[in-house]
Amino acid sequence: MTIVQALLLFAAGFLSGVVNAIAGGGTFLTFGAMTLGGVPPIVANATSSIVQFPGYVTSALAYSKEIRADRRNAVLLGVISAIGGLAGALLLLSLSNPSFRAMVPWLLIAATAIFAAGPLLKPKARSDEHGIGPLGIASQVATSVYGGFFGAGMGIMMLAVLGLATGGGYHRLNALKNFVSIVIAAIAILVFAAGGVVSWTHAAIMVPGAALGGYMGVWTARRVPQAVVRALVVAVGLLLAAYYFFTG
């Protein structure tokens with residue numbers, strides 16, 4: 001790896017941290033930077049999970065009070081999501097790089113569509129909290145499988161699913177989402193590390209960039225409208241999808 005390549009990876013990590021702090025979607029940047037640099041898609045996907053993980057932890061810590069107050073639902077959702085995340089990660093490892101490569105453009109289009117629809121999927125403020133029924137459990141399992149398998153757009157999907165599964169206000173749902181994201185990512189990372197599909201060199205370069213970008217994202221959020229950042233992330237997702245379609 002050259003110095004220029006390392007700097008580009010650091011920049012991708014930094015920008016992913018910035019956009020995650022403002023609107024989400026940092027996975028597009030880290031996954032795209034690695035695959036365009038020649039990293040096999042399964043390795044890039046697994047390594048991107050590690051790069052995003054610190055952001056999940058810090059977001060959950062910010063909601064620690066809400067998570068403790070809702071520990072019963074958090075534990076139930078955590079168990080459900082651990083099972084789904086494990087299944088998704090194992091499913092990824094069962095594929096060859098060419099097989100996963102063929103799926104990547106479709107996954108990117110789906111994730112980009114979900115991300116673009118984020119404002120429409122954002123749960124409305126509600127007070128009718130309720131227990132998680134069979135449909136809610138099934139929906140969360142499906143979301144967790146997707147999160148363990150690919151992950152881009154998972155947070156937006158989960159907010160919508162949790163809004164239907166448990167009800168309640170936005171911050172309650174966001175707290176649960178952040179906690180569950182840690183569970184899914186941690187399980188997936190353990191599976192990927194055990195499967196030997198993580199590029200620790202790339203992770204070591206991008207994680208500090210993502211951490212710095214997450215801090216700078218607060219500064220950026222006060223100056224750049226979220227809609228602008230969202231539009232840029234959607235453009236990146238569509239360009240990456242087009243690249244993978246046309247390069248076969």
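Which residues in H3 meet which residues in H6? The views below take up this contact, a pocket and some annotated spans. This is a predicted model, where local features need pLDDT of at least 70, side-chain atom pairs count only at pLDDT 80 or more, and totals for chains, interfaces and linings use all residues. Residues are numbered from 1 along each chain as its sequence is written, and side-chain values use heavy atoms, with hydrogens and water left out.

**View 1. Helix H3 meets helix H6.** Pro41, Ile42 and Asn45 in H3 are in contact with Asn97, Phe100, Arg101 and Val104 in H6 (contact means heavy atoms within 4.5 Å; helices are DSSP runs of H or I, at least four residues, numbered from the N terminus). By class, these residues are four nonpolar, two polar and one charged (Ala, Val, Leu, Ile, Met, Phe, Trp, Tyr, Cys and Pro count as nonpolar, Asp, Glu, Lys and Arg as charged, and the others, Gly among them, as polar).

**View 2. The second largest pocket.** Here 17 residues form the lining, and Leu8, Leu9, Ala33, Met34 and Gly37 lie nearest the centre (on a 1 Å grid over the protein atoms alone, a pocket is an open set of points where a 1.4 Å probe fits, with protein on both sides within 12 Å along at least five of seven lines; lining residues have an atom within 4 Å of a point). Helix H2 gives the most to this lining, six residues. The lining has 13 nonpolar, four polar and no charged residues.

**View 3. Residues 176-194.** This span is 100% helix and 0% strand, with its end C-alpha atoms 27 Å apart (strands are DSSP runs of E, at least two residues).
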